[in-house]
Amino acid sequence: MQKLTANKKYLFFGLLALLFALIIFVAIRAVPKEITISEYETLLSQNLISDAVLDENRVLLSVGHSRYYVLKDSIDMRELGKRVAISVKSGFSTELILFIGLVLGLFFYSLYSRRKKPATHQTSTELSSLVGAEAITPTISNVLFKDVAGIDEVKSELMEIVDFLKNPRKYREFGVKLPRGVLMIGPPGVGKTLVAKAVAGEAGVPFFYQSGASFVQIYVGMGAKRVRELFAKAKSFAPSIIFIDEIDAVGKARGGGRNDEREATLNQLLTEMDGFNDSSGIIVIAATNKIEMIDEALLRSGRFDRRVFLALPDLNDRKDILKSYLASKKHEVDIDALARHTTGFSGAGLATLVNEAAINAIREKRVLISDDDFKAVFSKVLHGKRKIGALNEAEKQLQALYKAAKALCAEWFGVEFERISLLEERFIDYDHEIKSKSEIIAKIKVLLAGREAMKIYQNELYSNCASDVALARELAHKAVSEYAMSKNLLASEADVLEILESAQAQVAEFISNMQAQLEAISEFLAQNESISRAEVANIIKAKYEQH
Ligand code: ADP
């Protein structure tokens, strides 16, 4: 009797969940809006339609996040078909069937696993073979290097890989060893996936896409199996490219909390990468935005030993990207000015911006996209929900001063660098065996310079300095504990502090005596976004001669 009531309870909650899911489903499904033929034609000519579905006598169109429809007989379906693939709506929405199936599945699964407690593990594997059963299939990429704007260095670095994929035999005959894995490091949206696809497109080889998260989100034991299947498939299609997005989901440095599933997946990945020989014609490209999180084992020789860094696009790259996105659209936009206003935008951010501006023009029934459209969506993109991350004018000025102090200090105290930009700084790290204490202290000074400049000229501290202090502290600690550079033979924390404080005092004095130079460099940075060592030296010299 009691069992019956328990079953009824399950049924009740199951149905409730189903009802709830249905309500949500109906609520979130956007109702398409009818548009006129001329609106439709503008959308079509501006290449803004991303998807078309034939629903009896209507054609549903997806444009960005909005959905519209036109009557089928009022448009030229063949013309539409040339631009986008048209699919036909099935009688009953597939999304709906999937949704109901999933809810019912989960409901019965919970019912089943509660009844048979000891068998939970087994049940979850059974379920996983249903959920993770999506077949691994390659795609043929039609992206070419010319579709990737800017980042010329990255492209030329990857040219070699393209050549290898085109002629693996040539490399085999000459016994040349090539990297098996390329790790692409950079913030989201800078085009890591796009470049990987372009490598496949240029070489004309199949492209296997997997996201790192998909390996570990499926159920116990499935990650490793999936890795095995992926490599087996890629081998059968060789030469080919495997692309693993967000590899940190699998290859996160071990230690701390153990995660057996992830470790099993990682080990399988390592085994596969060691297993294929140089001539098998497979290249594994992986992407991450945090290299410091990657397990050392993945970086060891013979695995991902080629690294490619992708930064946020600089001024020129932004111009190129904007040009390429505006090329297929009618516009009267000052691309130069727009590029200057979008510091900090990624390629993906710029693509969204252009698209939103085009939609804005159409909404206001204009044929040409103008600067005003960008102004209108800028604030929405910046302040609305879809924040893309850019520096506003005030932030840009602050960042310029902060970086200028570092550039000035680096040039003055002889810390080598090629360029320092608003968003990035790359100092040249000499790996010589014997380091001097003054060399280390000079580096600490550079690290602290930005923070001191903020204190002196802005009378304020900002969050962008946080990592500087941590890095400076790390260096000082290394000097004291590893290289025995403290005054006292047996070093303590007090010696670390002493090094930091004396460097800080010297930097503060230096920065306060260099106001003219600092301002000039800061202005240069705000204008051009980056500065070379030679340009810093020129400014210092020019200011010196003025006195
Ligand atoms: P990531 O993999 O680095 O997160 P993606 O390659 O997925 O970035 O980029 C997302 C989208 O942003 C691309 O599909 C493309 O539309 C746009 N994009 C990013 N970088 C560029 C670029 N350099 N040139 C052209 N488009 C770009």
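Buried, as used in these legends, means under 20% relative accessible area, with exposed meaning over 50% and partly exposed in between (1.4 Å probe, protein chains only). The model is predicted, so local features need pLDDT of at least 70 and side-chain atom pairs count only at pLDDT 80 or more, while totals for chains, interfaces and linings use all residues. Residues are numbered from 1 along each chain as its sequence is written, and side-chain values use heavy atoms, with hydrogens and water left out.

**View 1. F207 and F243 form a stacked aromatic pair.** Rings of Phe, Tyr and Trp (its six-membered ring) pair if their centres lie within 6.5 Å, and planes under 30 degrees apart count as stacked, over 60 as edge-to-face and the rest as tilted. The structure holds five such pairs; in this one, the centres are 5.9 Å apart with 20 degrees between the planes. F207 belongs to strand β8 (residues 206-211) and F243 to strand β9 (residues 240-245), 36 residues apart, where strands (E, at least two residues) and helices (H or I, at least four) are DSSP runs numbered from the N terminus. F243 is buried at 0% relative accessibility, and F207 is buried at 1%.

**View 2. W412 and F510 form a tilted aromatic pair.** Their centres are 5.4 Å apart, with 45 degrees between the planes. Because W412 lies in helix α18 (residues 393-412) and F510 in helix α21 (residues 493-513), the pair ties together parts that are 98 residues apart in sequence. W412 is partly exposed, at 46% relative accessible area, whereas F510 is buried, at 10%.
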